[in-house]
Amino acid sequence: MRRVFLSLIACVLAGNAYSGLITHNNYTLDTDTNIVTGGGLEWLQWDETLGLSIDDVTDPNSQYAQAGWSVVSDQQMAALFNEWAFGPAGYVWGTDETVTQGVFEFGATLPEVLTYQFTELFGATFTSSSGATNLKSL
């Protein structure tokens, strides 16, 4: 009887485990799938592809291509950064892929809360020796 009781408790506790949903700025991360939904798109959390090349992800035989994932376009990336208001006040990210854009003008910083929320959703792909997280896509 003791085994049945302990097994029953284990099943009840296991049944309480569920997907965690984290939402910031109208974007939601499903922690079970590592998929961020928002802005009309689904984004695979960036650290899921850490260490892979673009070719590794876009190869038609890769698990990502087979699952329907693609590399984000400049237009989609600009829309994401503009929606999160990354950059100094009034900064607008452009969509021209031939133009290199600076992330911030000298002296401009992101609010710590915004940086934390974005990183919590999309993941960190690089951490410097000082512990500061830099955000970037593939």
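This is a predicted model: local features need pLDDT of at least 70, side-chain atom pairs count only at pLDDT 80 or more; totals for chains, interfaces and linings use all residues.
Started at the end of α5: the helix is followed by Gly123, whose phi is positive, near 90 degrees.

Went back along α5 itself, residues 112–122, and looked up which side chains are hidden. I got Leu114, Phe118, Thr119, Leu121 and Phe122 as the buried ones. Viewed down the helix axis, these fall within an arc of 160 degrees, so they line one face of α5. On the face turned away from them I found Glu112, Val113 and Tyr116, which are exposed.

Next, the rings. I have 13 aromatic pairs in the structure. I picked Tyr27 and Trp84, a tilted pair at 6.0 Å centre to centre with 50 degrees between the planes. Tyr27 sits in strand β2 and Trp84 in the loop between α4 and α5, 57 residues apart, so I logged this one as a link between distant parts of the chain. Tyr27 is buried at 2% relative accessible area, and Trp84 is buried at 2% too.

Then I checked Phe86 with Phe118: edge-to-face, 4.8 Å centre to centre, 80 degrees between the planes. Phe86 is in the loop between α4 and α5 while Phe118 is in α5, so the pair ties together parts 32 residues apart in sequence. Phe86 comes out buried at 3%, and Phe118 at 0%.

Which residues do the ring pairs link into a cluster? My list includes Tyr27, Trp84, Phe86, Phe118 and Phe122, along with Trp43 and Trp46.

Last stop, Asp59, in the loop between α2 and α3. Asp59 is partly exposed at 35% relative accessibility. Its C-alpha is 10.0 Å from that of Ser70, 11 residues apart along the chain.

Methods
Residues are numbered from 1 along each chain as its sequence is written. Side-chain values use heavy atoms; hydrogens and water are left out. Helices (H or I, at least four residues) and strands (E, at least two) are DSSP runs, numbered from the N terminus. Buried means under 20% relative accessible area, exposed over 50%, partly exposed in between (1.4 Å probe, protein chains only). The arc is that of the directions from the helix axis to the C-beta atoms. Rings of Phe, Tyr and Trp (its six-membered ring) pair if their centres lie within 6.5 Å; planes under 30 degrees apart count as stacked, over 60 as edge-to-face and the rest as tilted.
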